[in-house]
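Subject: Structure handover

Hello,

Here is the structure we discussed. Notes on what was found in it follow below.

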Amino acid sequence: MKRKIVEPNTALERLRDLCARSEQCSGDIMRKLYNWGVSASDSAKIVEILERDRYIDDERFARAFVRDKYRFSGWGRLKIMIHLSAKRIEKSIATEALEEIDEDEYRSIALKALKAKARAIPDSNTYEGRTKLFRFGAARGYEAAMLSELIKSGEIWD
């Protein structure tokens, strides 16, 4: 099936509407323009216009993405960083956004997720159960040192 090519002016208007409704990053916008068949030079101009008019801002996007993913999705720093990298957010911007995480809240969210998983694992306070908890936390993107500390402290089973 042949994809329909979108004119640059139409693409700009569509993207303004999209960006007014939800936070977007330049990587997602470039991908969308590519899928619409907009040329690379026109895509660069459109992104430049959207950035100039503050429709898109990768720093603002990264801060919002980090905040949403660790608070509402329960993701750890490692998983968030991987997804920001996949969205082509510069490493310095991603690192800066991750530094805004409140450590106490982050730890509390991780502990809550581990407690919920521990309730679902029979005999979670055995070697095998603690290993499953660790793997679960690692899959969520939490750091190994923090996971080890939380599991060893016994707070999960309180």
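A salt bridge here means a side-chain nitrogen of Lys or Arg within 4 Å of a carboxyl oxygen of Asp or Glu. This is a predicted model, in which local features need pLDDT of at least 70, side-chain atom pairs count only at pLDDT 80 or more, and totals for chains, interfaces and linings use all residues. Residues are numbered from 1 along each chain as its sequence is written, and side-chain values use heavy atoms, with hydrogens and water left out.

Salt bridges

The count comes to 12 salt bridges. In one of them, Glu-23 pairs with Arg-60, with 2.9 Å between the closest N and O atoms. Glu-23 sits in the loop between helix H1 (8–21) and helix H2 (26–35) and Arg-60 in helix H4, so this pair ties together parts that are 37 residues apart in sequence. Helices are DSSP runs (H or I, at least four residues), numbered from the N terminus. Glu-23 is partly exposed at 31% relative accessibility, and Arg-60 is partly exposed at 23%. The cut-offs are under 20% relative accessible area for buried and over 50% for exposed, with partly exposed in between (1.4 Å probe, protein chains only).

Arg-77 forms a salt bridge with Glu-103, the closest N and O atoms being 2.2 Å apart. This pair links distant parts of the chain, as Arg-77 is in helix H5 and Glu-103 in helix H7, 26 residues apart. Arg-77 is buried at 17% relative accessible area, whereas Glu-103 is partly exposed at 46%.

A salt-bridge network links Glu-13, Arg-16, Arg-52 and Asp-53. Within it, the side chains of Asp-53 and Arg-52 meet at 3.2 Å, N to O. Arg-52 is exposed, with 60% relative accessibility, and Asp-53 is partly exposed, with 32%.

Nonpolar core

A nonpolar core is a set of buried Ala, Val, Leu, Ile, Met, Phe, Trp, Tyr and Cys residues joined through side-chain atoms within 4.5 Å. The largest one has 29 residues, of which Val-66, Ile-80, Leu-84 and Ile-89 touch the most other members. Two or more residues each come from helix H4 (58–71), helix H5 (77–86), H6, helix H7 (103–120) and helix H9 (144–153). H7 gives the largest share, 6 residues.

Leu-111 also lies in helix H7 and is buried at 11% relative accessibility.

Regards
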